[in-house]
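This briefing goes through the salt bridges, the interface and the sheets of the structure below. It is meant for a reader who has not seen the structure before.

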Amino acid sequence: MMFNSEMLTHKLLREYIKDLVANDQRVDGRGFDEMRPIEVLNGTFTKAEGEAWIKLGKTQVLVGVKADIGEPFPDTPDKGVLVSNTELLPVASPTFEPGPPNENAIEIARVVDRAIRSADAIGLSSLVIEEGKLVYMLFLDMYVLDHDGNLEDALTIASLIALGRTEVPKVILKEDGEIEVKEEKWKVDLRDMPINFTFAKINGKLLLDPILEEENVAEAAITLAIDKDRRVCSIQKKHGHFTMEEIINAAGIARDKWSEVAEMIKEVI
Amino acid sequence: MPLYVEKKPDVLITEDGVRTDGRLPHEIRPIRMTVGILDKADGSAFIEWGGNRILAAVFGPREVHPKHLALPDKALIRTRYNMAPFSTPERKRPGPDRRSVELSKVIREAIKPAIFVENYPGSVIDIFVEVLRSDAGTRVAGVNAASLALANAGIAMRGLVAACAVGRVENFIICDPNHDEDMWGDADMPMAMLMESEKITLLQTDGPMTDEQFKEALEMGRRCIRFLYEMQKEALKRPYLIVERSVFEQGEV
């Protein structure tokens, strides 16, 4: 294996991050339970029925919700369909390659999807047009444009905004089986706000909203979703290990952070 | 099942040459170019052109993986044109299709003549064109964006490549066809030029034109491309503009 300057810098940076954490500091000057600033871009960027382009620090994601109508799944005739997909675009990082979603992309998509589903944030039963016959199908396509860490939280926030903004033409299934698409719009009812919070463990300390370098250094990582009743509604422990106290501690920090992020989301929808 | 049904407009162009979006034959849709919007890419550009939203990013020159693809005497140029699932009225399934494979090749062949490939032997330059929102003319918008992203990445180039489409609706030669004209017009001709010598590096035609119409279309294409080239240069300079102010103005703030 060739030794190059990039690896050297990386090793130095690793030690630098760890040293800082030992002194209760972070590379970008944030507190351990402080999120990076969130910016929601103005404008129309897609042909989706609902969309959001957000920046979480230097991480940039674009989420679009496309709608369609179709038959419900046979085992859930009283529920609409939500399909989530994440694309780690090669534009976002020199380490992302073109091709179908890899295990990381699929995990992220499922973590976001699980938070939304577990809190029933969009009310899947409200997507039913005619039980057992016709439902709305929402495709949540999550695009990562610039990867500077914590894609889970950025994509969850963008997804909630995009879903909350989603407007679809009203559809009626007539008795003769004909489908009528109306001019009138039907708006997705965002009834909960399950927000993911990701922590990286470095030197035994929990850092909220890690940047890419902190993610790379972390000995463990975990993502927890908090719903509007401040309950933990979904968890994904990623690499490494945590003590029980650490996880309870993380859930507490996430609970405290919820309203701040939820308010921001409500404001921009 | 489709939620949206498209209808062909009754009149594509009036006798006076007014088009479905109110433009005259020689008018281009509004354009905005921004350079360097991504942090991790070596170069990037975002172009908003009519209803199009296109993001281009460049990585490299960097090591080639897999290694056997490396060329000993020059850089390997790879391009990917990709449409987002939410870029079209009906959701597009993610992943390459025959159209995007062809467009990737065409865009690469439009851009490559501009790059001093011999400056970077054994390495690769990756160009990614992501269509976030499509509204006719994505390939030419993609060429403009890719060219800007390469310049933003500091890749040695002979010059910028600028591109624009022209077309024919009935007896009118029009520039920058919109969605309706792209769908139901009579001819469509995307073109790109390496501006240092005004050599044509991309030319495709879909639809018949007489000898006279073809010449008129080429001439209109060149005029549009020159206009786009001026915009490109301005977009590239913008981040480096020097702000100057006389000290005597201070009191008036």
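The side chains of Asp209(A) and Arg30(A) form a salt bridge with an N to O distance of 3.2 Å; the term covers a side-chain nitrogen of Lys or Arg within 4 Å of a carboxyl oxygen of Asp or Glu. The two residues are 179 residues apart: Asp209(A) sits in the loop between strand 10 (205-208) and helix 4 of chain A, and Arg30(A) in the loop between helix 1 (5-22) and strand 1 (38-40) of chain A. Helices (H or I, at least four residues) and strands (E, at least two) are DSSP runs, numbered from the N terminus. Over all chains, the structure holds 42 salt bridges.

The model is predicted: local features need pLDDT of at least 70 and side-chain atom pairs pLDDT 80 or more, while totals for chains, interfaces and linings use all residues. Residues are numbered from 1 along each chain as its sequence is written, chains are lettered from A and ligands numbered from 1 in the order in which they are written, and side-chain values use heavy atoms, without hydrogens and water.

**Interface of chain A and chain B**

- In this interface, 42 residues of chain A are in contact (heavy atoms within 4.5 Å) with 32 residues of chain B.
- The buried area is about 3100 Å², and carbon and sulfur atoms give 63% of it; buried area is the accessible area (1.4 Å probe) that two parts lose on being put together, summed over both.
- Lys47(A), Val91(A) and Tyr143(A) supply 21% of the area that chain A buries against chain B, more than any other three residues.
- Three salt bridges are counted between the two chains.
- One salt bridge joins Asp148(A) to Lys40(B), with the closest N and O atoms 3.2 Å apart.

**Hairpin in chain A**

- Strand 7 and strand 8 of chain A are antiparallel and share six bridges; two strands pair if DSSP finds at least two bridges between them.
- Val171(A) stands opposite Val181(A), which lies in strand 8 of chain A.
- Five residues lie between the strands of this hairpin, and Gly177(A) takes a positive phi near 90°.

**Five-stranded sheet of chain B**

- Five strands of chain B make an open sheet with mixed pairing, in the order 1-2-3-5-4.
- Strand 1 (31-35) and strand 4 (76-83) of chain B each have a single partner strand, so one side of each is left without a neighbour in the sheet.
- Neighbouring strands of this sheet are turned by 15° against each other on average, direction ignored.
- Strand 1 of chain B runs antiparallel to strand 2 (residues 43-49) of chain B, and five bridges join them.
- Met33(B) has Ile47(B), in strand 2 of chain B, as its bridge partner.
- Helix 1 (residues 98-111) of chain B lies across strand 4 and strand 5 (123-133) of chain B, at about 135° to strand 4 of chain B; axes are lines fitted to C-alpha atoms, for helices over the stretch in contact, and angles run from 0 to 180 degrees between N-to-C directions.

**Four-stranded sheet of chain B**

- Another open sheet of chain B has four strands in the order 7-6-8-9, with antiparallel pairing.
- Its edge strands are strand 7 (172-175) and strand 9 (199-203) of chain B, each pairing on one side only.
- From one strand to the next, the twist averages 30°.
- Strand 6 (residues 161-169) and strand 7 of chain B are joined by four bridges.
- Helix 4 (residues 211-237) of chain B lies across strand 6, strand 7, strand 8 and strand 9 of chain B, at about 145° to strand 6 of chain B.
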